[in-house]
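Welcome! Please take a moment to look over the protein shown here before reading on.

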Amino acid sequence: MSLKTKKNARSSFGQSAPPFIDYLKDILRRYPDGGQILKELIQNADDARATKVVFIHDERSYGTNSLWTEELGKYQGV
């Protein structure tokens with residue numbers, strides 16, 4: 001499959017996916033420590049010879065009424 005064919009397959013229905021590496025870099029930039037925890041999880045998977053690593057991004061918001069401290073509210077997607 002040519003590069004042009006791959007690009008067209010990725011943008012069917014007028015949608016286009018960002019390049020995977022740029023997408024990962026953006027995710028890592030959003031973490032306070034530069035995504036060090038994600039890098040560590042990937043390294044652990046590599047050390048264990050995993051053939052697949054899956055991360056799920058959940059954009060839902062959760063309530064803050066039953067948290068141990070108010071400080072944890074910033075992690076609830078509110």
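## About the model

This is a predicted model, where local features need pLDDT of at least 70, side-chain atom pairs count only at pLDDT 80 or more, and totals for chains, interfaces and linings use all residues. Residues are numbered from 1 along each chain as its sequence is written, and side-chain values use heavy atoms, with hydrogens and water left out.

## Overall fold

The protein has three helices and zero strands, read as α-α-α along the sequence. Helices (H or I, at least four residues) and strands (E, at least two) are DSSP runs, numbered from the N terminus.

Of its 78 residues, 6% count as buried, meaning under 20% relative accessible area (1.4 Å probe, protein chains only), with exposed over 50% and partly exposed in between.

## The largest pocket

A pocket here is an open set of points on a 1 Å grid over the protein atoms alone, where a 1.4 Å probe fits, with protein on both sides within 12 Å along at least five of seven lines; lining residues have an atom within 4 Å of a point. The largest pocket has 25 lining residues, with Ile-27, Tyr-31, Leu-38, Ile-56 and His-57 nearest its centre. Two or more lining residues come from each of α2 (20-30) and α3 (36-47), and α2 gives the largest share, seven residues.

Val-53 counts as partly exposed because its relative accessibility is 41%.
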